[in-house]
Amino acid sequence: MRAFAISVIFLSGILGVSAQSGDELGRQCQTNRVLIVGYIAGVLDKAAVDSDVLFHFYFDTYEGGKTAERIESENRALVASSAAIDGYCIPEETTAEQKADVFCRYLLNNPDQRNKNAAELLGAAAKYAWPCK
């Protein structure tokens, strides 16, 4: 936990606390790969937490006498909705370096998009590289 806190402080100092653009992180792809790996891990972890919160909100809000079939049906619908919203399905065995490679390559190949929010661009890069099937 302490290492995480130090990393957050370090990254905040380098990147600032505002949303980052693709231009800013595109430059870091060339000079500070460790920062890029940390940024990607943080954004993807946050997306996973947000999905989990949504999942619990859904099931906590609509509790009741559900049958096993209904729960299974709702689980499938929720998974499909999550995949449609995120639009990417990154294989579990994908390394942090591979994710950084995909992100940096996407920024390099799409210079007209780099003025957008970096988290949005990470989602676009992941959708391109790992679309859900």
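Biologist: Which residues does Ile40 touch, once those up to four places away in sequence are not counted?

Modeller: In this predicted model, Ile40 touches Lys99, Ala100, Phe103 and Leu122. Ile40 and Phe103 are also, together with Leu25 and Ile36, the residues that touch the most other members of the largest nonpolar core, which has 21 residues. At least two residues of this core come from each of helix H2 (22-31), helix H3 (33-61), helix H5 (96-109) and helix H6 (118-129).

Biologist: What makes such a set a nonpolar core?

Modeller: The term asks for buried residues of nonpolar kinds, such as Leu, Ile and Phe, that are joined through side-chain atoms within 4.5 Å. In soluble globular proteins, nonpolar side chains tend to be buried together.

Biologist: What pattern does the protein chain follow when read along the sequence?

Modeller: The pattern is α-α-α-α-α-α, and the count behind it is six helices and zero strands. Of the 133 residues in the protein chain, 26% are buried, while the accessible surface comes to about 9000 Å², with 59% of it belonging to carbon and sulfur atoms.

Biologist: Why are H5 and H6 called roughly perpendicular to each other?

Modeller: The two helices pack at an angle of about 105°, with their axes 9 Å apart. Angles of 65 to 115 degrees count as roughly perpendicular, and H5 and H6 are therefore given that description. By class, their contact has ten nonpolar residues, with no polar and no charged ones.

Biologist: Why is Tyr106 called buried?

Modeller: Tyr106, which is found in helix H5, has a relative accessible area of 16%. Leaving aside neighbours within four places in sequence, Tyr106 is in contact with Leu121, Ala124 and Ala125. For Tyr106 and Ala125, which are 19 residues apart along the chain, the C-alpha atoms are separated by 5.7 Å.

Biologist: What makes Glu24 partly exposed?

Modeller: Glu24, in helix H2, has a relative accessibility of 31%. Partly exposed lies between the buried limit of 20% and the exposed limit of 50%, so Glu24 at 31% belongs to that class. Glu24 and Ala118 are 94 residues apart in sequence, and C-alpha to C-alpha they are 8.3 Å apart in space.

Biologist: How many of the contacts with a separation of 6 or more, as a percentage, join residues 24 or more positions apart?

Modeller: Such pairs account for 68% of those contacts in the protein chain.

Methods:
Residues numbered from 1 in each chain as written. Predicted model: local features only at pLDDT ≥ 70, side-chain atom pairs only at ≥ 80, totals over all residues. Heavy atoms only, no water. Buried < 20%, exposed > 50% of the residue type's maximum accessible area, 1.4 Å probe, protein only. Helix = DSSP H or I, 4+ residues; strand = E, 2+ residues; numbered from the N terminus. Contact = heavy atoms within 4.5 Å. Areas by Shrake-Rupley, 256 points an atom, 1.4 Å probe, with all protein chains shown as cover. Axes fitted to C-alpha atoms, helices over the stretch in contact; angles between N-to-C directions. Parallel < 35°, antiparallel > 145°, perpendicular 65-115°, else oblique. Nonpolar A, V, L, I, M, F, W, Y, C, P; charged D, E, K, R; others polar.
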